[in-house]
Amino acid sequence: MCEVFPQGPLRATTSASLPCHHAAAQGAIAPSGPLQIGGYAWEEAIGTDPVADAASHAVKAAEAGRWDGPVSGDVSDWVPQADWQAGMDVEGWESASVHWVIQREDLAARRFDRTITDVFWNP
C-alpha cells in the first residue's frame, strides 16, 4: 500500500480539526485531499475517532508487551499526526484511510518512533 502512495506537492491550508466533523459540515470546514498533516482530515467512511482507536490499540499493544515505554489510555494525551485517504490511488485498498497518531509527550520530545499507525478499510 505505501509503495503506491501518490507523489505530489504539499499545500498548507487552514481548517477545523475535529473528530467526526464530516457528519456536520465537511465541505464548509475542511478541505478534501488525500493527505493531511496534523489534525483530522475529512473521510467519507470513518464514523469513529481515529485518535481514540489508535490510543486503544496502543494500550492493547503495551499490555501484550509489543510497545515499550509509557502508554496513556486517555485520548486527550494523543494527537493526530497525519491522515491519508487512499481513495482510488491504491488498487485493492480503495476507501482505506491510514492514520498516524502520537502521544503529545512523544511529539514534544520528537520521539517519532513512538507513532502508532492505524488503517481503516471499508471495502
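**Exercise 1.** Is Trp-93 buried, partly exposed or exposed, and why?

*Solution.* Before we start: this is a predicted model, where local features need pLDDT of at least 70, side-chain atom pairs count only at pLDDT 80 or more, and totals for chains, interfaces and linings use all residues. Residues are numbered from 1 along each chain as its sequence is written, and side-chain values use heavy atoms, with hydrogens and water left out.

Step 1: get the cut-offs. Buried means under 20% relative accessible area, exposed means over 50%, and partly exposed is in between (1.4 Å probe, protein chains only).

Step 2: compare. Trp-93 has a relative accessible area of 33%, so Trp-93 is partly exposed.

**Exercise 2.** Where does Trp-93 lie, and what are the strands around that loop like?

*Solution.* Step 1: find the loop. Trp-93 sits between β2 (78-85) and β3 (96-103); strands here are DSSP runs of E with at least two residues, numbered from the N terminus.

Step 2: check the cover on β2. Eight of its eight residues are buried, so β2 counts as mostly covered.

Step 3: look at the pairing. β2 and β3 run antiparallel to each other, with seven bridges; pairing takes at least two DSSP bridges. Across from Gln-85 you'll find Ser-97 in β3.

**Exercise 3.** How much of the protein chain is buried?

*Solution.* Step 1: take the chain length, 123 residues.

Step 2: read off the share. Buried residues account for 32% of them.

Methods:
Helices (H or I, at least four residues) and strands (E, at least two) are DSSP runs, numbered from the N terminus.
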